[in-house]
Amino acid sequence: QVQLVESGGGLVQAGDSLKLSCAASGYAVTLYNMGLGWFRQTPGKERELVASIDWSGLNTYYTDSVKGRFTISRDGAKNTFLQMNNLKFEDTAVYYCAATRASNWPKGPYDYWGQGTQVTVSS
């Protein structure tokens, strides 16, 4: 089974930047045929798809609130990254990486999920 592990979260001030990383283990080669996405979730809101990159790495999706600030990228089939610039208080959430079959990109359903990493932005 494919496992995804996030890292890079932390406590930052508004306006700061963070880069989240997601590393795959197990049958990582499977991810070549999958889109990779980043979700976030807070207690007061449903889980939200923030950004996703398709199987080819050529197409990306961003939710409106992060366009121009966040950039998603991928490195082969093993890793995906989320560069977050000009962070806002409203970006505070647990961030999860996930993988979806190419036919379901970008909205899912997503088949594999990481455990999450906390991003806290103080104002």
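## The disulfide

With 60 degrees about the S-S bond, the link between C22 and C97 is right-handed, and the structure holds 1 disulfide, a term that stands for a pair of cysteine sulfur atoms within 2.5 Å. In this bond, which joins C22 to C97, the S to S distance is 2.0 Å. The pair connects distant parts of the chain, with C22 in strand 3 (residues 18–25) and C97 in strand 9, 75 residues apart; strands here are DSSP runs (E, at least two residues), numbered from the N terminus.

Both ends of the link can be described by their relative accessible area, for which buried means under 20%, exposed over 50%, and partly exposed in between (1.4 Å probe, protein chains only). C22 counts as buried because its relative accessibility is 3%, and C97 counts as buried because its value is 0%.

## Basis of the model

This is a predicted model, in which local features need pLDDT of at least 70 and side-chain atom pairs count only at pLDDT 80 or more, while totals for chains, interfaces and linings use all residues. Residues are numbered from 1 along each chain as its sequence is written, and side-chain values use heavy atoms, with hydrogens and water left out.

Side chains of opposite charge can pair when their charged atoms come close. A salt bridge is taken here as a side-chain nitrogen of Lys or Arg within 4 Å of a carboxyl oxygen of Asp or Glu, and by this rule the count comes to 6 salt bridges. R40, K45, E48, R69 and D91 are linked in a network of such contacts.

E48 in turn forms a salt bridge with K45, for which the closest N and O atoms are 3.6 Å apart. K45 is partly exposed, as its relative accessible area is 47%.

How values were computed:
Helices (H or I, at least four residues) and strands (E, at least two) are DSSP runs, numbered from the N terminus.
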